[in-house]
Amino acid sequence: MHLRDIRTVKDLAGKRVLVRVDFNVPLRQAGSGYEVDPHGDWRIRRSLPTIMYLMERGAVVILLTHVGRPKGMVREDLRVKPMAMRLSMLLNEEGIANELVWTNFERHVPRGAERQLLLASDCVGTKTIEVVDHAREGDIVMLENVRFQAGEEANDVEFAKALAEGKDIYVNDQLGMSHRAHASVSAVTSFVPSYAGMLLIDEVQHLSAILNSPQKPFVFILGGVKLETKLPLLRAMLPRVDVMHIGGAAANTLLSAVGKPVGRSMVTPGHDTVVNENGWEKVRLPVDVVVAKDTDGIGVRTCKVEDVRPDEYIYDVGPETVDAIRKDAQRARLVVWNGPLGYFEVPLFAQGSTRLARELAVLNTAQTETVVGGGDTEDLVESVGMREKMRFVSTGGGAMLAFLSGEELPGLVPLLE
């Protein structure tokens with residue numbers, strides 16, 4: 001898949017470039033407000049190459065992101081101000097001095113030589129256009145949370161037209177929402193010349209290689225909660241992989257389908273026929289599990305899958321299962337991991353996933369490429385300090401699933417060369 005690259009545009013000086021980024025990052029309480037968790041700012045960092053490229057070439061960089069799920073309503077806890085503050089700090093660390101200016105600026109306020117990062121109070125409308133008009137070449141304008149507008153998730157054409165008003169170029173530099181037909185991802189491309197940023201191109205190149213020419217042996221590790229959301233990916237990957245390990249709650253249905261007891265664990269009816277599909281012989285299910293009677297850990301124990309009792313829930317994979325995955329991964333040239341292997345939000349049931357993260361980080365060598373993706377998996381490898389040790393960690397979340405499942409992504413189709 002080849003996308004139109006913003007780096008092919010010859011003259012960007014003075015151009016107003018609307019850049020769709022994914023700054024939907026973890027926030028934490030800071031006094032009476034919020035700030036970006038410094039350990040969770042990597043999506044902002046991944047967007048820096050495109051932002052800096054445009055700034056250095058004299059564009060007016062207009063950033064647009066979603067934050068949370070406000071459903072068309074303004075929510076004070078989901079404003080973009082913390083992201084603007086973090087971006088300003090990161091740019092200074094990169095040697096790009098900038099002054100953060102809030103929405104109540106006056107046109108006659110004296111300006112120094114530093115670039116400005118202007119924070120708009122909305123993403124469309126007259127006041128927003130005034131903020132953009134105030135920006136000089138190399139400045140950044142941070143627009144307010146696009147999901148404060150109901151037209152965003154409705155992919156409303158008039159709202160998309162308002163987003164494009166006064167812009168010369170549109171750049172999509174995020175994969176995370178590119179599987180959604182939203183106005184700032186899809187409809188806006190009808191009103192302004194559109195390109196892909198460096199982050200999006202990097203994502204597509206890595207994921208396209210997995211789809212079209214994976215290195216062999218290829219081991220795929222599939223976890224997560226709902227099997228029904230994973231089935232398209234499972235079916236798309238089975239012909240490509242040499243071994244597929246399945247864990248997490250998604251494995252419960254399959255364990256049940258092959259006659260293993262799963263106690264009170266969630267089983268999705270109607271999806272057990274996958275065990276009869278071509279390629280099933282490549283699938284490996286957990287051989288031991290961590291069980292308990294509730295999420296508080298009452299009666300927690302590790303046992304063989306055959307020994308799960310009727311009043312127990314399966315909450316994690318056991319050490320023998322992790323060992324089996326590690327042994328297959330050691331022989332692989334490519335390892336892709338999507339989805340935690342257990343109920344990782346509870347530390348007691350995160351041990352299988354955290355151990356696997358450390359094992360894969362050790363295996364990541366010139367001979368073995370480790371690729372990690374999916375929102376929960378990203379958070380998990382970040383939480384144990386292993387993200388930097390993986391070869392590639394996708395920012396795509398659900399969009400990575402959709403891409404690897406072979407779906408057409410509404411945010412990518414308009415950017416195809």
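## Strand β1 and its partners

Strand β1 pairs with strand β8, residues 169–172, in the parallel sense. Four bridges connect the two. Within this pairing, V19 faces V171 of β8. This is a predicted model.

β1 also pairs with strand β4, which covers residues 60–64. Those two strands run parallel as well, joined by five bridges. Here R20 sits opposite L64 in β4. β1 itself spans residues 16–20 and is mostly covered. Four of its five residues are buried.

Which residues make the nonpolar surface patch of about 240 Å²? M1, V413 and L416 do. M1 belongs to the segment before β1. M1 counts as partly exposed because its relative accessibility is 45%, and partly exposed residues lie between the buried limit of 20% and the exposed limit of 50%.

## Helix α6

Helix α6 runs over residues 198–212, 15 residues in total. From its first C-alpha to its last it reaches 21 Å. That is close to the 21 Å expected at 1.5 Å a residue.

Technical notes
Residues are numbered from 1 along each chain as its sequence is written. This is a predicted model: local features need pLDDT of at least 70, side-chain atom pairs count only at pLDDT 80 or more; totals for chains, interfaces and linings use all residues. Side-chain values use heavy atoms; hydrogens and water are left out. Buried means under 20% relative accessible area, exposed over 50%, partly exposed in between (1.4 Å probe, protein chains only). Two strands pair if DSSP finds at least two bridges between them. Patches are made of residues with over 30% relative accessible area and no salt bridge: like charges are joined within 9 Å, nonpolar side chains (Val, Leu, Ile, Met, Phe, Trp, Tyr) within 5 Å. Accessible areas come from the Shrake-Rupley method with a 1.4 Å probe; for residues, only the protein chains shown count as cover. A salt bridge is a side-chain nitrogen of Lys or Arg within 4 Å of a carboxyl oxygen of Asp or Glu. The expected span of a helix is 1.5 Å times one less than its number of residues.
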